[in-house]
Amino acid sequence: MTEFTPWASLIGGTMIGLSAVLLMLWEGRIAGISGIAGRLLPPYRDGAFLSRLGFIGGIVAAPLLISLASGTPVSQTISSNVPLMVVAGLLVGFGSVWGNGCTSGHGVCGLSRLSARSMVATATFMATAFITVFVVRHVIGG
Amino acid sequence: MSFLVNLALGLLFGTGLVVSGMADPAKVLNFLDIFGTWDPSLAFVMGGAVVVAFIGYRLVLRRDAPIIGKTFHLPTRKTLTRALSLVRPSSASAGDFAASALVLRSPQSALVQLARWLSSRP
């Protein structure tokens, strides 16, 4: 069980949206996390490596700084099965590159731009994820 | 300079993830578990982010260019591509859509056929 947090989630969501808007205002780029993270690897074509490193560094640093400031660690529930986590991570990376984007790039930025591609992508990965979780938790795990 | 601005924007994004609860994969998984321990929070995150970005992008894109750089780097591809859809690129008809929906080769394929069929209608 996790607690339903409508207000905190809405406030957090507006911060994510604001970050995406400001990134577009600053250097005209889509805040797609999988795309930004993926382009930290070669080939380097556009000289935006340091920008990308800063953005990803900020995302990684945020929970660490919040933990330090508040004195309580940010709650994270993950599997302790390391090989499983490695495989899961590889699948997330592969899938988001193949689908040209993830929850942030397609889901937040693409939907906001009313992109048909992003609507299809978001509907597809959400539907697939709902089915996967249903099968894993209630068919196999049930 | 751009590194520092991006660092600040990344911190804002990451703080949003923590505040919204999305830094915890359990909350994301529970959003996907409608028939189990459903937690609708993720819909509120997406809703908040999309509303802000929908309005904000419209304001920002009135400008000729971003603050640094000459142009906005917006995705230019408009068509549904094979990489996105995993289905054979072909022109679709209502019949194709009905067939794929009936056979349901995959939920994706039915969705993409529906999108193609809708966009191909006059």
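Colleague: What area is buried between chain B and chain A, and what percentage of it do carbon and sulfur atoms give?

Modeller: The size of an interface is often given as the accessible area lost when the parts come together. Buried area is here the accessible area (1.4 Å probe) that two parts lose on being put together, summed over both. For chain B and chain A the area is about 6,600 Å², and the part from carbon and sulfur atoms is 74%.

Colleague: What pLDDT is required before side-chain atom pairs count?

Modeller: Residues are numbered from 1 along each chain as its sequence is written, while chains are lettered from A and ligands numbered from 1 in the order in which they are written. Side-chain values use heavy atoms, with hydrogens and water left out; as this is a predicted model, local features need pLDDT of at least 70, totals for chains, interfaces and linings use all residues, and side-chain atom pairs count only at pLDDT 80 or more.

Colleague: How many residues of chain A are in contact with chain B?

Modeller: Contact means heavy atoms within 4.5 Å. By that criterion, 72 residues of chain B meet chain A, and the number of chain A residues they contact is 77.

Colleague: Which residues form the salt bridge between chain B and chain A?

Modeller: Side chains of opposite charge can pair when their charged atoms come close. The criterion is a side-chain nitrogen of Lys or Arg within 4 Å of a carboxyl oxygen of Asp or Glu. Over all chains the structure holds 5 salt bridges, and the count between chain B and chain A is 1. With an N to O distance of 2.8 Å, the partners are B:D33 and A:R137.

Colleague: Which helix supplies the largest share of the side of chain B that touches chain A?

Modeller: Between the two chains there are 25 residue pairs in polar contact, both at pLDDT 80 or more (N or O atoms within 3.5 Å, one able to donate a hydrogen and the other to accept it; residues adjacent in sequence count only if both atoms are side-chain atoms). On chain B, α1 (2–20), α2 (25–32), α3 (41–60), α4 (82–85) and α6 (107–120) each supply at least two residues of the touching side, where helices are DSSP runs (H or I, at least four residues; strands are E, at least two) numbered from the N terminus. With 17 residues, the largest share comes from α1(B).

Colleague: How many charged residues are on the side of chain B that touches chain A?

Modeller: Ala, Val, Leu, Ile, Met, Phe, Trp, Tyr, Cys and Pro count as nonpolar, Asp, Glu, Lys and Arg as charged, and the others, Gly among them, as polar. That side of chain B has 46 nonpolar and 18 polar residues, and its charged residues number 8.

Colleague: Is A:R29 buried or exposed?

Modeller: A:R29 sits in the loop between α1 (6–27) and α2 (33–38) of chain A. Buried means under 20% relative accessible area, exposed over 50%, and partly exposed in between (1.4 Å probe, protein chains only). At 17%, A:R29 is therefore buried.

Colleague: Which residue in the loop between α2 and α3 (49–70) of chain A pairs with A:R29?

Modeller: A:E27 and A:R29 meet in a salt bridge at 3.3 Å, N to O, and both are buried. A:R29 has a further salt bridge to A:D46, with the closest N and O atoms 3.6 Å apart. That pair links distant parts of the chain, 17 residues apart, and the partner in the α2–α3 loop is A:D46.

Colleague: Why does A:D46 count as partly exposed?

Modeller: The class runs from the 20% limit of buried to the 50% limit of exposed. A:D46 counts as partly exposed because its relative accessibility is 41%.

Colleague: What percentage of the residues in chain A is buried?

Modeller: Chain A has 6 helices and 0 strands, and its C-alpha trace spans about 50 × 40 × 35 Å along the principal axes. Of its 142 residues, the buried part is 39%.
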